[in-house]
Amino acid sequence: LKNTKSLVSIPGSSFSFRNPVQFNSLADAETRDMLHETDAVIDSLFYHPTHPPFLASLMIQRFGISNPTPAFVERVADAYSTGLYNGIGSGEYGDLGALTAAILLDTEARSVVLDADQTHGQVREPLVKVISFFRSMGISFKSPLRIPTLLDLYGNIGQGSFESPSVFSFFLPEFAPNTPAIQSAGLVAPESEVLQGDNILTMLDSFYNLVKFGITDQGHCEDHNPSFEGWRSGTGDFGFKLQLPLGPNCASQEGDTSLTPAAISYVPSSTATVDDILNELSMLLTAGRLRDSNRAIISAVMNEYFTNDVGKAVRIAQQLLISTPEFHATSTPRKQASVRNVAGYTSAPNGPYKALVVFVMNGGCDSFNLLVPLGQCTSGNQYQEYSSARGSHALPEEKLIPITTQGQNCATFGVNDDFPLLSNLYNQGEALFFANTGVLSKPMTKYDDWNKETSFQLFAHNTMLHEAATGDPYEENAGTGVYGRMLDKLKVSGYHTSANRVSGGGNGALDGDQFYANPVWSVSTSPPGQMNKIPTVTNLLELVKELNGVGDENNGYMGETWSSKLATAFFEYEQERELAAMGGFDVDTGYGSSGDLDSKFKAIAKHMKSREFRKVNRDIFVVGRRGYDLHSENKLSDLFAGEEGNANGALTLFTNWLKSEGLWESTAILMMSDFGRSLNPNSNGGTDHAWGGNYFLIGGNVNGGKILGDYPSPLSPDHPNWIGRGRFIPTTPWDSVWNGIAEWLGVTSEADLDWILPNRETFTNNLFSGGDLFTDVPTPPPAPTPIPAPTTAAPTPSNAEPIPLEIAGDNGSPASAFPLGRCQGDCDNNGDCQDDLLCFIRSGVESVPGCLGEGVSGKDYCWYRPPTMLWSFGNNGSPASAFPLGLCEGDCDNDSECAGDLKCLQRSAFEAVPGCEGLGDSGKDYCYDELAPPPTSAQPPTDPPTDAPTAAPTAAPTAAPT
């Protein structure tokens, strides 16, 4: 019989314990017993108390609210647990009908008041937008057999039918984009993970083509005898591939849908006035969210054509409406009249060029089959240990290319012969390996409580990738990535930096602190071609920029995210078109018909080739390839050398190109992955998630021919880091690797390295230097005057050193604690702080300049403001004590509100203020000395090159990183 819960009581005491459930007989195992045990495991998960709130929060996100309140989640979870919501449901645990009713009927989902809440709503999913447009505009098919499948769209718009790139879908529920609006508020916007330049513009142009021509594809427009079979069962795109010149079977006049198999059939119910049409379209496409400012822009263009061509006026309205933040996000946009200005560097950099390419093998690479101990071992026969642990997954000796090393238990190792590039480079001294490397909170062995003492969830793709991307296990610089922080400090030192996300790679690794306004650019394998072909209105793209103008301080966060990403996408598009017109930036050497990974590295090569045009001398690229999560089969050979991935082939082509361009010595390529895999195979022919793994670094100036770190020996349970099934606690933290790479790129200050790697001091005796990893000595900062580092602007050493936040008193008690010192709280106003210190008012856990840690949420702390840091002290003459305003103080309205001879600089967005540092608050005006020198060439342009040109719409000031 199936076991049930039972308690064992100890006679004569109050103690009892649960009798462990055991179904399988070791002596006589039966399928029935395994089914019962599996059923018991599923039941334990299904009835676990964390299951209802976990499911509730994810389902609410999918129904349109990215950041539900805890109370909303609790109400939905209760409905799921009880099986009832206002009489709806069966009354049984796990009723999805009750859960759905609770989501859709809750006041938080239906209250119009929440439209005014900047944090409410979501960025809409790409496929949801496509299907919504099809339905609301009445897509009409000429034949029921000729319909778009919406397949193969993942590479075009970031989402496609049945094309989820992993079991975690297209985006992670905890994803937060590198936009100040989201970062400052501590929110998430999952759907924005697919908002990249090429995806954004391809979707928009596809919508434009759909409005103008109906459903189109390349074959239909160029084939003299078009067949819809490939279109019906193949790509199913809707205008993605329309290129000039058009073929004879495709309309050459905008508005002509006679040659298409499907077109939108929408006709306004009333064409009496422009307002009638616009009201109806706004309701259908934006749920009535269209703001007056954007309505005025669209109405003005419609009126130019309304009298003579109502159809054209309608097509204009459709194309403009589907370009608005109101269509792409469900928050309420509030914007200024100015267009977002995204710009790159305006002067050439000083110093040589260097590039880091981070190649992420997504899924968890089985890297103990990349680097294998072979022989000449000091202790034991380690290849035999490897074979015993790996079982059916062990590589025979003839599959391994021998290499030699020092400092390991074995002097001879073998490199998987499906990756011959690595052994060749290693033997040339241009490749090295990192043994048993991974994310770590602190040094540990299996004799420690390693699970408890690890600050993140182990063995899960999303959490381990997050840690590998951020390098910040205790969230001291939350919302930033390790490579983004490297670029922040390099930029402060005067380098011209560029963070480059290749076809969606990155996972936050490139996000810098918003204070430095460092952008993250998209590098696409298929950048959009000419947009707005055969236009309905020639200045369409300029109008779209107006519709997505600079947001004001009350702008909805989700709409702000869309508009800021779109502004960056337009900058990238215009830059790409300019490069195409100039010529000479194509990459043809060795590249023929490229696979997915080849295409990504080719895109990197093309971007590197434009480095002088972009005026940068420090590039970091993050590129990924999925498919390494091999639970059910052993396909590593296919991923290394076969058609499914061919990492060896892609890297061989790329390194050959680097050498032909003279960039091999300036480039380093680092392999990473979520984690290593278990040495012991599972019962399904694959391997499972582990922890430590083996990785490589290659490049022309890599100090190679060695294996750094400690390769585990023995490869058995006797090893102090073996935690079961051939899983090892890492002996080398990624912090060690990043430390050496940061030094090679040009980070020389210990304080800067500590900020980039907040957990670095935990591994003081285990850090690689730049010289350990590279043969070229790290270069000093370039000659131009650097951007003043916000954390070193204090006049005294005591103020320059960051110290932890602490609560010393509250409401004036104890009296001995007041006035409060630097980084002490809780203050209520500046009077609670010592002379020259200010009270930093917080709404949550915003970082306090010059201080470490988050402190107590909602508590306010005293801080030192450098005299030249932009800061808002008052507005409209209030409080009177703040006026007249001093140097770099705001918000002023005119010169009379500034002290002495200071002038009031009227600015838009983040315009630089001469003689002052920092970004200040978007659109706020500050007093300055007009005799102060203008920003140097080492500083960012007037509007920093960022995909979030506007500040976070929050009262909390932007904090300077410490």
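I started at the link of Cys833 and Cys862, which is left-handed, with -85 degrees about the S-S bond. Cys833 lies in the loop between β19 (824-825) and β20 (837-840) and Cys862 in strand β22 (residues 861-864), so I have a pair that links distant parts of the chain, 29 residues apart (strands are DSSP E runs of at least two residues, helices H or I runs of at least four, numbered from the N terminus).

Notes on the model: it is predicted, so local features need pLDDT of at least 70 and side-chain atom pairs pLDDT 80 or more, while totals for chains, interfaces and linings use all residues. I count residues from 1 along each chain as its sequence is written, and side-chain values use heavy atoms, with hydrogens and water left out.

Back to the sulfurs. I took a disulfide as a pair of cysteine sulfur atoms within 2.5 Å, and by this rule the count is 7. In the Cys833 and Cys862 pair the sulfur atoms are 2.0 Å apart. Cys833 has 7% relative accessibility, so I logged it as buried (under 20% relative accessible area; exposed is over 50%, partly exposed in between, with a 1.4 Å probe and protein chains only). Cys862 is buried at 0%.

Next I looked up Cys892 and Cys904, with sulfur atoms 2.1 Å apart. The torsion about their S-S bond is about 90 degrees, so this disulfide is right-handed. Cys892 sits in the loop between β24 and β25, and Cys904 in strand β25, 12 residues apart. Both cysteines, Cys892 and Cys904, are buried.

Last entry, helix α6 (residues 126-136): I found buried residues there, including Leu127, Val130, Phe133 and Phe134. Gly138 follows α6 and has a positive phi, near 65 degrees.
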